[in-house]
Amino acid sequence: MTGQAKEKFNRLRKEGYRITPQREQLLAFFQELPEGEHLSAEELHKKLSGKGIKISLATLYRGLKFLVQNGFVRELDFGEYHKHYELSSPGKKQHHHMVCVSCGLTVEFKDKNLHKHADKIAGERGNFLITDYQFKIFGLCQNCRRR
Ligand SMILES: [Zn+2]
Ligand SMILES: [Zn+2]
């Protein structure tokens, strides 16, 4: 786990959250994933057991919820029947997605102005502490447009 995440985990532990070794393993697993991987809970479950990490699907869902609620991991909805998960890099480093509705191609992008805008809205419209913000573009990719 990276230092920053470890600190945050320790803080949450002091606040009385249940930080199980499995939750730490789960976050460490996300941190090792290559950028651009968006895994469903089922895919995650398969990969974890492939690494010898035993976790039931129910425990995995609860662990994911915990990591999402505390801003470590983000939950992505690409308009499919299941959700995807990836490591969150809050603040300016957060990226966004463009999704092809025909073939499912996902393109990641960053945009500084989106971050500025999200910050402004969160502050002005109710003093929100941002744990994640997502900007999604749905459409047809170049290949699918040609068809
Ligand atoms: Zn992504
Ligand atoms: Zn496409």
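These legends describe close-up views of one predicted model. Residues are numbered from 1 along each chain as its sequence is written, and chains are lettered from A and ligands numbered from 1 in the order in which they are written. In this predicted model, local features need pLDDT of at least 70, side-chain atom pairs count only at pLDDT 80 or more, and totals for chains, interfaces and linings use all residues.

**View 1. Domain 1 and domain 2.** The chain divides into domain 1 (1-88) and domain 2 (90-147), with bounds from an automatic or database domain assignment. Their C-alpha centres are 21 Å apart. In contact are 8 residues of domain 1 and 9 residues of domain 2 (contact: C-beta atoms, placed from the backbone, within 7 Å). On the domain 1 side, 2 of the touching residues are nonpolar, 5 polar and 1 charged (nonpolar: Ala, Val, Leu, Ile, Met, Phe, Trp, Tyr, Cys and Pro; charged: Asp, Glu, Lys and Arg; polar: the others, Gly among them).

**View 2. Packing of helices α2 and α4.** Helix α2 spans residues 21-32 and helix α4 residues 57-69 (helices: DSSP runs of H or I, at least four residues, numbered from the N terminus). Their axes lie 10 Å apart, at an angle of about 70° (axes: lines fitted to C-alpha atoms over the stretch in contact; angles: 0 to 180 degrees between N-to-C directions). α2 and α4 are therefore roughly perpendicular (65 to 115 degrees). Q22, R23, L26 and L27 of α2 meet T59, G63, F66 and L67 of α4. This contact has 4 nonpolar, 3 polar and 1 charged residues.

View 3. Helix α5 (residues 112-124) has 13 residues. From first C-alpha to last, α5 reaches 19 Å, close to the 18 Å expected at 1.5 Å a residue (expected span: 1.5 Å times one less than the number of residues). G126 follows α5, with a positive phi near 125°.

Definitions and conventions: Two residues are in contact if their C-beta atoms, placed from the backbone, lie within 7 Å. Helices (H or I, at least four residues) and strands (E, at least two) are DSSP runs, numbered from the N terminus. Angles under 35 degrees count as roughly parallel, over 145 as roughly antiparallel, 65 to 115 as roughly perpendicular and the rest as oblique.
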